[in-house]
Amino acid sequence: MTEPATDAPYIALKAVQKGFKIGAEAVPIFTALDLTIPRGDFVAIMGPSGSGKSTLLNMLAGIDSPDGGELRIGSARLDRMGEGARSSWRAHSMGIVFQFYNLLPMLTAAENVELPLLLKPLAARDRRARVEKVLDLVGLSGRGGQYPALMSGGEQQRVGIARAIVSDPALLLCDEPTGDLDRKSAGGVLEMLRFLNRKLGKTIVMVTHDPRAASCARRTLHLDKGQFLEERRAA
Amino acid sequence: MGYLGLARRNAWRKPLRTALLMVCVAIAFLIYGLTASFQHGSQGAAGASEDLLGVMSAAGRGQSLPMAYLPRLEAAPGVAAVAWMARLRGFAGAESNVIAVSAADPERLAAVNGPELGLAPGLMAALTGARDRVLVGHALAEAQGWAPGQRITVTAFDTPTAAGSRDWQFEIAGIFEGAGPSTDTYFVIARYDYVNALRARGSDSVDAFVVRPQEGVSSGELARSIDALFANSAAPTRTQTEKQFLEAFLRQFADVGLIINLVVGADFVTLLMIVINTLVLAVRERRFEIGVLKTLGFSKRRILALVLAETLFIFAVGGGIGLALAKGATLLAGASLGLVLAPLILGKAIALIVSLGAVSGLIPAISAIRSPVITALRTR
């Protein structure tokens, strides 16, 4: 399991720049974004559409890279890594939970959870043991043989969470994890994330529009026009 | 589920499409298996010997050579043994049921051609028991339903007996099997002394001498020296290996090898176009999922391997089915077609399965790895 929270910055962005080109026009998203998140923190990022939340999450996930500045997670300098190195980093250091679960439909729940473990040198028996353990952890014990199409949204998101944590990454990134769920299912998912942060020490960065989801985090950052406007700490 | 299991599951996500692709591959390899089996079989030249030499008249296949050439051939340097044969072509029952009879001296034939034809001492002893006895090849006996002890009549097309009849009576003394499955056994071996004594014309002539070179003697050089020996005689010779002879014979009708290569080539090019096109579409449909896999940490190399494994799986199953069907067809077709699916053909087919699978998978695989993760995730 990961280490408990400390004050040392685990995620550090210094003067990060990012922009897009629409035709010939350059559209800046971040001109000099700074952010530090200590290990074991649970940060919710809120903001209106187009504020740069998803772009920030994509950069933290290493699936997009900054145009300038420094982006460090743990000891990894993501801004200096090539695509291959970032793939390897994602496989070992980060788990991601998507809004629409993004499970592969032709695989069972257990096989979906097993996917990240295929990137590790583990025997099939060890992989199966880990999958069973995390499915148990997210409350889906005995449901591993079911296909995603036969599961509710809440259950699919639990499978998504299990897939994100099965390789025991220190960092969990969540992109609107309750955005497609009813209130009850959303509550269950948020409770799960809180458990992963409080009990297992995962550092969680969650992008959300939902104030209720944000209230589960230790800190909430409001992002607008490429800048953090305010920070609210949980009581 | 292992890595290959993931590739297999990807392939089977649209079972009908995958099954149809496999059928395409299976048909392509069925065609390949059958054409290559024909080329390699007893109707083709692949099973013919490259050592045995046939000495025939340079004037053409229909012209005979005098028996008087025998002592000069036997005395030629590099010759280990010489046999001879006279051809008698005819039919049994219906005219379309063509039978080839090779009349030879039993002892000589056993010395020169015995190992290739599988002429065991017991068979040769049976043949020498009476002058009208013959040995029938396994393929021909199976096709005609003939058995040892049976009397048969071959009606010759152009070799009448001295009595004016075209019917030749023989008694089957035994069945010869041939050295291997690709040996031509679709003919009858008769005794030369019987045929020579009874035929109305062409007495003491042969259609060909069969020469076995001594150990270490080049068959090509020996062929040239034999032809030089008779270059200025009344009947110059043309000496070829058995394989060259058969290839030249088959080319009289058409260049079978070229036709087969063109058919198989067109077959595989069509197959490649169908499979590549389908797989490119299949991978494009899955761009989003490939984006998810990349987000989970699957590198470009792993995605490439995944798509290639999927195409190889389709080719392995389809190709395996095609080759199994080809094998079944060669067995069902019986000996008359002389199809032989030899291990060499299977080895080539497996190499083709792997290389075509890799080539077919490469274009969709490259398309899959080129798509940036962010773009792929937006394609939902």
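Modeller: Let's start with one pair: K300(B) and E83(A) join their side chains in a salt bridge, 3.8 Å from N to O. By salt bridge I mean a side-chain nitrogen of Lys or Arg within 4 Å of a carboxyl oxygen of Asp or Glu. Before you ask, this is a predicted model: local features need pLDDT of at least 70, side-chain atom pairs count only at pLDDT 80 or more, and totals for chains, interfaces and linings use all residues. Side-chain values use heavy atoms, with hydrogens and water left out, residues are numbered from 1 along each chain as its sequence is written, and chains are lettered from A and ligands numbered from 1 in the order in which they are written.

Colleague: How many salt bridges does the rule find across the interface of chain B and chain A?

Modeller: Side chains of opposite charge can pair when their charged atoms come close. K300(B) and E83(A) make such a bridge. Across the interface of chain B and chain A, the count is two.

Colleague: Which helix of chain B gives the most residues to the side that touches chain A?

Modeller: Helices here are DSSP runs of H or I, at least four residues, and strands are runs of E, at least two, both numbered from the N terminus. On chain B, α1 (3–11), α11 (287–296), α12 (300–332) and α14 (373–377) each supply at least two residues of that side. The top contributor, with seven residues, is α11(B).

Colleague: What area is buried between chain B and chain A?

Modeller: Contact means heavy atoms within 4.5 Å, and 23 residues of chain B touch 25 residues of chain A that way. Buried area is the accessible area (1.4 Å probe) that two parts lose on being put together, summed over both. Carbon and sulfur atoms give 65% of it, and the total is about 2,200 Å².

Colleague: Why do some strands of the chain A sheet have one side without a neighbour?

Modeller: Two strands pair if DSSP finds at least two bridges between them. The open sheet of chain A has four strands in the order β2-β1-β4-β5, with antiparallel pairing. Each edge strand has a single partner, so one side of it is left without a neighbour in the sheet; those strands are β2 (25–38) and β5 (76–77).
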